[in-house]
Amino acid sequence: AREFDLITPENYCKPKMMLKSTDDTLENSYVNYDGCHYLNDYAIENDMAFRGHALVWPAPGKYPDWFEELEGDDMLEEWMIDYIIEVMHEMGDMYAWDVVNEAISNSDAEYIKTSVLSGIDDFICTAFSTAKAVANENDWDTLMFYNEYDFESMYGDFATKSDKVYTLMADLVENDC
């Protein structure tokens, strides 16, 4: 706490760590905030900013196994919206959220990674619009981020990914997401 003024949790606020179910069904699912609250409380006690990481992680293996097997894009979209609203209200006014984490594919063959959420029409825009609405209705100045890795280069293996991230950001801005 003497050396830093910002905490970004590695896993404690990610869906795979937080989303639980008493019987491996969505109907009996709940969110366990223990780890996320623990780190946020530490940040508050030490006068540090807290960046929630991450509300939506649309990549294979980033949700519990039972969740990864769900089908029904309308049901999943409703769940995603409700989840973002619940988590943001529970955690309260925070410095920042990584609203969507690592959705862009490394493959030249696909734009967005294939996941349980990828069938939702424009789910990235929906996630950002939902998070912004929660922040606005509560008068929070929460910064909203799209988080990605290995997209910095305009050359070599990651040039295509860099272009995809740029296209995504331009689309989100153009559509006021």
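Analyst: Cys-13 is buried in this predicted model. Its relative accessible area is 1%. That value is under the 20% limit, so Cys-13 counts as buried. What is Cys-13 bonded to? Its partner is Cys-36, and the two form a disulfide. Their sulfur atoms lie 1.9 Å apart. Cys-13 sits in the loop between strand S1 (6-7) and helix H1 (15-18). Cys-36 belongs to helix H2, which covers residues 34-45.

Cys-36 has a relative accessibility of 0%. Cys-36 therefore counts as buried. Cys-13, at 1%, is buried too. Next comes the handedness. The torsion about the S-S bond of Cys-13 and Cys-36 is about 100°, so this disulfide is right-handed.

How many disulfides does the structure hold? It holds two. Cys-125 and Cys-177 form a disulfide as well. Here the sulfur atoms are 1.9 Å apart. Cys-125 lies in helix H5, residues 123-137. Cys-177 lies in the segment after helix H6 (159-174).

Is the bond of Cys-125 and Cys-177 right-handed or left-handed? The torsion about its S-S bond is about -90°, so the disulfide is left-handed. Both ends can be checked for burial. Cys-125 has a relative accessible area of 11% and is buried. Cys-177 is buried, with a value of 10%.

What is the pairing when the bonded cysteines are numbered in sequence order? The pairing is 1-2, 3-4. Cys-13 goes with Cys-36, and Cys-125 goes with Cys-177.

Trp-79 has a relative accessible area of 10% and is buried. Trp-79 is placed in helix H4, which runs over residues 73-91. Which residues does Trp-79 touch, leaving out those up to four places away in sequence? They are Leu-19, Leu-26, Tyr-63 and Phe-67. Leu-26 is 53 residues from Trp-79 along the chain. The C-alpha atoms of Trp-79 and Leu-26 are separated by 8.8 Å.

Key: Residues numbered from 1 in each chain as written. Predicted model: local features only at pLDDT ≥ 70, side-chain atom pairs only at ≥ 80, totals over all residues. Heavy atoms only, no water. Helix = DSSP H or I, 4+ residues; strand = E, 2+ residues; numbered from the N terminus. Buried < 20%, exposed > 50% of the residue type's maximum accessible area, 1.4 Å probe, protein only. Contact = heavy atoms within 4.5 Å. Disulfide = S-S within 2.5 Å.
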